[in-house]
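Hello,

Here is the structure we spoke about. My notes on it follow below.

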Amino acid sequence: MKLIEDANKEALKRILEAEPKLLDVIPAREAIKGLKERMILHSGPPITWDRMCGPMRGAVAGAIVFEGWAPDLASAEKLAADGGIKFHPNHHFDAVGPMTGMTTVSMPVFVVENARFGNRAYCAINEGLGKVMRFGGNDETVLARLRWLRDVFGPEMSKTLRLLGSVELKSIVARGLSMGDELHQRNVACSSVFLREVAPALARVSTDKEVLAECLGFIAKNDQFFLNIAMAMAKTMTDPAKGIRGSTVVTAMCRNGTEFGVRVSGTGDRWFTAPVEMPEGLYFPGYSEKDANPDMGDSAIVETVGLGGFAMAASPAVAGFVGAGSPSSAANFTKAMGEITVSQNSEWTIAAMDFAGVPTGIDVRLVVETGLQPTINTGIAHREPGVGQVGAGVVKAPMGCFTQAVRAIAKDLGVS
Amino acid sequence: MAELEESPAAQLLKADVKVVNVGLEGFVKDLEDCGIGVVHLDWVPPAGGDPEMAALLAKLGV
Amino acid sequence: MSTFILNEIRKGFYLDSVALMRLSRQIAASPGIAEAALMMGTPSNVAIMRNAGILKDGKTDAQGNDLVIAMRADSEAAARAALTEAEKELDKPKTQADGASAWRPRSIAAAVAGVDGLNLALISVPGDFAAAEARKALSRGLHVMMFSDNVSIEDERSLKEQARESGLLMMGPDCGTAVIGGAPLAFANRLKRGGVGIIGASGTGTQEVSCLISEAGEGISHAIGVGGRDLKKDIGGITTLMAIDALDQDSATERVVLISKPPHPDVAKVVIDRISKSPKPYTVCFIGADSADLPSNATFAPTLKAASEAALGRAIVNDGFDVKVEAKQLAPRKGASRIEGLYCGGTLCAEAQVILKAGGRQVASNAAIPGVPDFEHADAKGRERIIDLGADEYTKGKPHPMIDPSVRDDAIRAALKDPPIAVVLVDLVIGYGAHADPAGHLVETVADRGPDAPHIVASVCGTEQDPQVRSEQARRLRAAGIHVAPSNADACELALAIVNRT
């Protein structure tokens, strides 16, 4: 249908024209309009406390204690269960968050602006590996790190970025792709390039050598540091493509550990949800499938702009690591995703595929037609709160989201 | 007299045939044996074999 | 005896029908299994399984992309054992040497986007899906050769209209063979290249003519298949007319042979009128028709052999084969005077009817030509039977006898024991797509016939260049006492000569 093809062309044009820049790191209460005390933003489509999975509940309890809304984890859980906390998806507040995706008032968030369209998106700072809130961790070490991010690292980054003016993100991603990142499971190259870009400014603004060393060390030790920046970047890219009548292009994919949610341009802010699938992957020693929590996080926003599982060919090592197949089969994933996307991103290319651009603009029609579900590279959380990451793998976006979306667009266009 | 413009069908007879094979895999080897370029599809019934959905997708231009 | 029906569904598990049929046969042969099938759950397959009495309560929840394993067994234990075997076969690791480079596009759209220069789609998916795939191919500028059958005539018409609008060839549905610029599409033979173009509404008719011409030393430019229904009134010869246009413009083609069942009179008129405007000489073989009112640039041929000779411009000289001489060497079978024709090739079956009828025999067929009664017909009683075993009633849910000749085995064995039968007349079709060794299969099937069994007269449709090698197939047949004629027409003449002596 011409209306659909034209609408999709427009959606793609908007996604590809984006000029995402990292501007600042500021407390969420200042950045996010409408975010209030006793309000928690979580990953995925909307969900209530009673339907939250273990790690999500653990993170919620930790966030409540961190914000001082309850003195301890037990009373925090009670507060949440009794309806004392308002829960909303990050996506409803221009935000995204990995795994459990906790965003609350005092957490520092990256501010990314799409200069072409003037819209912004926000994401909290990646906490690193080990016991962390995004995997449901909530003990004292987790909360102490969050306080350090709030009181030390956040303000230092803010001063750094203000000195720099802004950091242009597309070119960092382009370089990362050529250095073996796919921007979801592997961000080591982008994190390193980012560190290289900000280190001199960080040194200039810092008044304490110890603090400077801690901040530099924090970025340097966390291979996934750039993921959260990439997520906010991806959201600024897809948001301008929302609400183009007839467009079948996906503008968001996310999961809350219970449900997978998909938004499509032509249907605006509506969520198409289906039960989330279990990731398939490799487990850290001592863990297995039976420990795994169903898939979680807003991070699938990077797949929505052609990264992660869609850019697997750029990152053969990830293909092997996430148990998706042999490293030599990495290109097959990217080629398969090419079958369900409208176009390629000519700025983000993959050398191993003769500089083909990453497949961009998931078309729900093509997903349903081919039966090829979007492949998402993901971390695997333990099903119990507080344990953390137990593996990494791939998960497929459930077909139900896409069939619903096709029917909704058809209905909107009066096609039956 | 103006040359009659060749139809696509006439062009096919002149061109090197290059085939996309949709279905029985056995035909691939036969074509390859004759030096004919061929791409075999990893074909499955479209739309998960749901004829109603396949028809809807066709109307939506897939 | 008690029976147990076992149904198992594998959701979203697709295998192509050839692989499944092979497995079905293996499972059906397991101990204690009365009937078994592994099929994709398309509506037509479900109907087949229901009719076979292997669906529990006659129904299933399976959809088109679900695999159904269904069987009827003497006992639950036998059924479970067979199911285990089936599952083991299904799950056996596929031996693929190199998974790395083995990306295959899922859709025609992706193939066209990802591979330069594609110009033709060869479609052989089940009939329920074939029209949709053809539509996708045509709308992306690909010519289509549709091997699939069970496509509705309405779909055929709309596909051909769509193709005509874009100037694309829509060959088929149910198009068994085509050779475009040396590319064998589906069932086809390895032919010498040359100046004869063929337009064929029939698969084996095209194969026989192309092979006879190629074996006689001339060559084929292209063989364009149009599908068995193209010259019916509903279709109006859309593809045939486009093929004539294309061959008119093709400098490699010097003359053309058109092969079809007798067309609808209105369509025949349009096609013949178009031929009259062609600068090239035509041979028209409407097999089963006695004549046609043709323009001066066209010659009528009643048989495939006659069509080949007309295109060659000379008689085919068969080295050392003379019907009279051959027949004289064969002792008549006592008390037997009938011919039974058991054919894989539909047009070869039609040609047999033409020749035997012309030879004064009273024949009937399940694929009757004009003037020959159908088996259903009252007049068929007592007549000699010329059977097309590739017809739908024999092949629904089974491979075509050209792929798996075992469909014909029982009929051959029965005919060999039938006292009034003097000659069993058979065809063997070789080439791409066909069985790897039909001669070997036939020899094995008839190995235990008695010394007084009827004569078996065979022809091999194919060429020396085919993978099975025509002369090698003939040699094996002769070594087993089967009489081999150089063409189907000659085989029919030999059968006539034998029964006319008795």
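**Notes on the model**

C:Asn65 counts as buried because 22 C-beta neighbours lie inside 10 Å (a residue is buried if 20 or more other C-beta atoms lie within 10 Å of its own, exposed if 12 or fewer, and partly exposed in between, with C-beta atoms placed from the backbone). This is a predicted model, in which local features need pLDDT of at least 70 and side-chain atom pairs count only at pLDDT 80 or more, while totals for chains, interfaces and linings use all residues. Residues are numbered from 1 along each chain as its sequence is written, and chains are lettered from A and ligands numbered from 1 in the order in which they are written.

C:Asn65 sits in the loop between α2 (43-51) and β3 (67-73) of chain C; helices (H or I, at least four residues) and strands (E, at least two) are DSSP runs, numbered from the N terminus. Leaving out residues up to four places away in sequence, C:Asn65 touches B:Val44, B:Pro45, B:Gly48, B:Gly49, C:Gly12, C:Tyr14 and C:Met40 (contact: C-beta atoms, placed from the backbone, within 7 Å). Between C:Asn65 and C:Gln26 there are 22 Å in space, C-alpha to C-alpha, and the two are 39 residues apart in sequence.

**Chains B and C**

The contact takes 38 residues from chain B and 46 residues from chain C. On the chain B side, the elements giving two or more residues are α1 (8-14), β1 (18-22), α2 (26-33), β2 (37-40) and α3 (51-59). That side divides into 25 nonpolar, seven polar and six charged residues (Ala, Val, Leu, Ile, Met, Phe, Trp, Tyr, Cys and Pro count as nonpolar, Asp, Glu, Lys and Arg as charged, and the others, Gly among them, as polar).

β1(B) and strand β4 (residues 120-123) of chain C run parallel and are joined by four bridges; two strands pair if DSSP finds at least two bridges between them. B:Asn21 has C:Leu122 in β4(C) as its bridge partner.

**Helix α8 of chain A**

Helix α8 (residues 209-221) of chain A has 13 residues and reaches 18 Å from its first C-alpha to its last, close to the 18 Å expected at 1.5 Å a residue (1.5 Å times one less than the number of residues). Its buried residues are A:Cys215, A:Phe218 and A:Ile219. They are on the same side of α8(A) because they cover an arc of only 90 degrees around the axis, taken from the directions from the helix axis to the C-beta atoms. The buried residues of α8(A) pack against α5 (140-164), α7 (188-205) and α9 (225-238) of chain A. Exposed residues A:Lys209, A:Glu210, A:Ala213, A:Gly217 and A:Lys221 are on the face turned away from the buried side of α8(A).

Regards

Technical notes:
Two residues are in contact if their C-beta atoms, placed from the backbone, lie within 7 Å.
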